[in-house]
Amino acid sequence: MESGGNSLPSGSDGVKRKVSYFYDPEVGNYYYGQGHPMKPHRIRMTHALLAHYGLLQHMQVLKPAPAKDRDLCKFHADDYVAFLRGITPEAQQDQLRQLKRFNVGEDCPVFDGLYSFCQTYAGGSVGGAVKLNHGVSDIAINWAGGLHHAKKCEASGFCYVNDIVLAILELLKAHERVLYVDIDIHHGDGVEEAFYTTDRVMTVSFHKFGDYFPGTGDIRDIGYGKGKHYSLNVPLDDGIDDESYMSLFKPIMGKVMEVFRPGAVVLQCGADSLSGDRLGCFNLSIKGHAECVKYMRSFNVPLLMLGGGGYTIRNVARCWCYETGVALGMELEDKMPQHEYYEYFGPDYTLHVAPSNMENKNFRDLLDDIRSKLLDNLSKLQHAPSVPFQERPPDTELHERDEDQDDKDERWGPDSDTEFGDYSNPVPDRVKREYVEVERNDSVPVVVPMAVDEPSIKEEQNNSKNLSDQWLR
């Protein structure tokens, strides 16, 4: 694989990384409702695969501290957070006006434990950012996070709280510049909108564009004011395959890393861009999707990896398990180990699945034109914008529970949702560990986080379309 940048020593793919992995055993119990495509159970399936491939003992496994009201209100409106905290399935008929105001009800239903779910997935993403800020991890992973559509004052596209924005705000306490990269099939509209007028956060989204939720993400949407040219949108058509995707991803992201020089990277790894997704229309293989992770990892910059979309849940679990292996620099055997969700993965019971023979509508001249326009936009950037030094805001404490320090019988006992037994020893027949160490330069300037701008600047395009339209057709 080609090198990711000048700061990287040779043999980068084999470099050992300190990885923190956030997981709450309760997350798989949350249920959006019958027939709804968003299934938190996929996080539990992913965790089971990680355990049985023997990956957990190579990471610091942490149960996230739930985000508090004040944490969520660093981006979201107070009245919206109060609404989420108080709404229940039993009480929703008495709050129809509020439901409509906050866009809760169709794509984003009210379900039991809704607010706890939001606290859990947001807590994992912010906790990951804190680990990176303190320099105790090189990579932090929260597969329950990545809910990129949520807005300041409303839910959208199965997302209630925008954990990504909250995590970026945390990263901005320690880094002058943060890069956000989104490989979900849907445009990362909520994150782009939050940072549309600043040059401290660059957002780059690769997505299906044209009569597709959320309707935003035109290549001409480039940012506003100080943020002009700091929003990049890569609009794609149906059937894009690994080769076509990489022909854009690597040159664009290589140039972004060269000119923006972020102190940290947030990578939203939405798996609905995989071939065969229930709501998607791309044709990426798991290895093709993971090549994006491998490439961003190669720059040796603190990396926060988050989940996102993904509605064929067996493939979501496959993808995020494989990408956890990529984060660790470990090769996973294709033959899947026996585990409690083994029957989901038949008839082949393998980690990888072949892409389909669907037509790729992303013709070479179209891809060349997109790449040329975006590289031209990047050429207009001021290299590595700086911000004035100010008093540092208080650090967020490291207060999540380290699952590695818990009693193993409690962690993996019969009352746990994953009955894994003793995983204190490696599983050599499942994984191959590579042991090349690298020195890290963790000296970063201290800055105050920017205020999140009101998102009214950006004009929405066809934003009334529901994500649910794609699964109700």
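A residue is called buried when its relative accessible area is under 20%, exposed when it is over 50% and partly exposed in between (1.4 Å probe, protein chains only). By that criterion Gly 157, at 4% relative accessibility, counts as buried. The structure is a predicted model, in which local features need pLDDT of at least 70, side-chain atom pairs count only at pLDDT 80 or more, and totals for chains, interfaces and linings use all residues. Residues are numbered from 1 along each chain as its sequence is written, and side-chain values use heavy atoms, with hydrogens and water left out.

**Annotated binding site**

- An unreviewed UniProt entry carries the annotation "binding site" for Asp 107, Gly 157 and Tyr 311. These residues span 205 residues in sequence, yet no two of their C-alpha atoms are more than 13.8 Å apart, so they gather at one spot.
- UniProt positions are given in the numbering used here, feature names are shortened, and annotations may be inferred rather than shown by experiment.
- Gly 157 lies in the loop between strand E3 (139-142) and helix H6; helices (H or I, at least four residues) and strands (E, at least two) are DSSP runs, numbered from the N terminus.
- Not counting residues up to four places away in sequence, Gly 157 touches Asp 107, Cys 108, His 149, Phe 213 and Leu 467, where contact means heavy atoms within 4.5 Å.
- Tyr 311 is located in the loop between strand E8 (303-306) and helix H10 (313-328), and its 6% relative accessibility makes it buried.
- With residues up to four places away in sequence again left out, the contacts of Tyr 311 include Pro 37, Met 38, Phe 158, Asp 272, Arg 278 and Leu 467.

**Helices H6 and H8**

- Helix H6 (residues 163-171) is largely enclosed by the rest of the structure, because nine of its nine residues are buried. Among them are Asp 163 and Glu 170.
- Helix H8 (residues 242-260) has 19 residues and reaches 26 Å from its first C-alpha to its last, close to the 27 Å expected at 1.5 Å a residue. That expected span is 1.5 Å times one less than the number of residues.
- H8 is mostly covered, with 14 of its 19 residues buried. Arg 261, which follows H8, has a positive phi, near 50°.

**Ser 205 in strand E5**

- Ser 205 belongs to strand E5 (residues 201-208) and is buried, at 4% relative accessibility.
- Leaving aside neighbours within four places in sequence, Ser 205 is in contact with Asp 182, His 186, His 187, Gly 188, Leu 232, Asn 233 and Val 234.
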